[in-house]
Amino acid sequence: MKYDDASWHSGGNFPKDLPDEAGATHIAMFVAWAVLNDLAGEMHTEEFPDERERLKARSLTPREWFLEVCDGKFTDDDLNDAGNLFAARYYDAADTDPVSYMADYSEAFPDGETLYSVPDGWDTYSTIQPMIDRRYQAWLSTR
């Protein structure tokens with residue numbers, strides 16, 4: 001199953017002044033969080049362990065890592081079983097659901113002109129990471 005794809009974001013109303021890669025930033029932040037929090041699927045743990053270590057070492061930004069390893073696509077292969085259950089509830093929630101990744105992302109970066117204007121980097125990750133952590137802990141408490 002495909003949760004998201006950077007190519008889905010680069011058409012239509014995508015800002016003309018941004019590179020297409022900007023459509024991957026919000027996806028990359030979530031997938032990087034999952035991989036860094038032991039929710040990675042076998043693809044990352046067995047096929048790309050060196051790239052996973054580069055992410056942990058922060059030698060790549062989340063978006064650079066995501067585009068290199070995942071080719072801009074976020075699928076159920078990126079996550080283990082627990083990760084997929086969480087992503088189905090949180091990442092894949094309707095945009096109007098107040099407990100959704102997109103709602104939290106918008107709240108975390110209210111000054112961004114658009115979803116795509118948020119810069120790639122570890123500062124961005126550090127801003128959204130505590131919100132995802134809280135949502136994950138709340139989700140775990142309901143299981």
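**Entry 1: α1 against α3**

I began with two helices: α1 and α3 pack at an angle of about 105°, their axes being 10 Å apart. That makes α1 roughly perpendicular to α3, the term covering 65 to 115 degrees, while under 35 counts as roughly parallel, over 145 as roughly antiparallel and the rest as oblique. The axes are lines fitted to C-alpha atoms, for helices over the stretch in contact, and the angles run from 0 to 180 degrees between N-to-C directions. I took helices (H or I, at least four residues) and strands (E, at least two) as DSSP runs, numbered from the N terminus.

The model is predicted, with local features needing pLDDT of at least 70 and side-chain atom pairs counting only at pLDDT 80 or more, while totals for chains, interfaces and linings use all residues. Residues are numbered from 1 along each chain as its sequence is written, and side-chain values use heavy atoms, with hydrogens and water left out.

I then listed the residues that meet: A32, V35 and L36 on the α1 side, and R52, L55 and K56 on the α3 side. Contact here means heavy atoms within 4.5 Å.

**Entry 2: the buried side of α3**

Which residues of helix α3 are buried? In α3 (residues 49-56) I found E51, R52 and L55. Buried means under 20% relative accessible area, exposed over 50%, and partly exposed in between, with a 1.4 Å probe and protein chains only. The three cover an arc of only 105° around the axis, so they sit on the same side of α3; the arc is that of the directions from the helix axis to the C-beta atoms. I noted that these buried residues pack against α1, α2 (42-47), α4 and α7.

**Entry 3: two residues with positive phi**

I looked up R58, which follows α3 and lies in the loop between α3 and α4. R58 is not a glycine, yet its phi is positive, about 60°. Its relative accessibility is 42%, so R58 counts as partly exposed.

D71 is another non-glycine residue with a positive phi, about 55°. D71 is placed in the loop between α4 and β2 (73-75), and at 53% relative accessibility it counts as exposed.

Is D38 buried or exposed? I have D38 as exposed, with a relative accessible area of 56%. D38 belongs to the loop between α1 and α2. Leaving out residues up to four places away in sequence, D38 touches R52 and N80. I also checked D38 against V118: they are 80 residues apart in sequence, and their C-alpha atoms are 25 Å apart.

R63, in helix α4, has 19% relative accessibility and therefore counts as buried. With residues up to four places away in sequence not counted, R63 touches E21, A22, A24, T25, A28 and D120.

**Entry 4: α1 against α6**

I returned to α1 for its packing with α6. The two axes come within 12 Å and cross at roughly 110°, which makes α1 roughly perpendicular to α6. T25, H26, M29 and F30 of α1 make the contact with Y101, M102 and Y105 of α6.

**Entry 5: the core**

I next looked at the largest nonpolar core, which has 40 residues. Such a core is a set of buried Ala, Val, Leu, Ile, Met, Phe, Trp, Tyr and Cys residues joined through side-chain atoms within 4.5 Å. F30, W65, F66, F74, Y101 and I128 touch the most other members. At least two residues each come from α1, α4 (62-70), α5, α6 (101-108) and α7 (122-141), and α1 supplies the largest share, nine residues.

I followed up F74. Apart from neighbours within four places in sequence, its contacts include M1, Y3, I27, F30, F66 and Y91.

**Entry 6: aromatic rings**

How many aromatic pairs does the structure hold? I have 21. Rings of Phe, Tyr and Trp (its six-membered ring) pair if their centres lie within 6.5 Å; planes under 30 degrees apart count as stacked, over 60 as edge-to-face and the rest as tilted.

I examined W33 and F86, whose ring centres are 5.7 Å apart with the planes at 50°, so the pair is tilted. W33 is in helix α1 (residues 25-36) and F86 in helix α5 (residues 81-89); the pair links distant parts of the chain, 53 residues apart. W33 counts as buried at 0% relative accessibility, and F86 counts as buried at 1%. Both belong to one aromatic cluster, whose members include F30, F74, Y101 and Y105.
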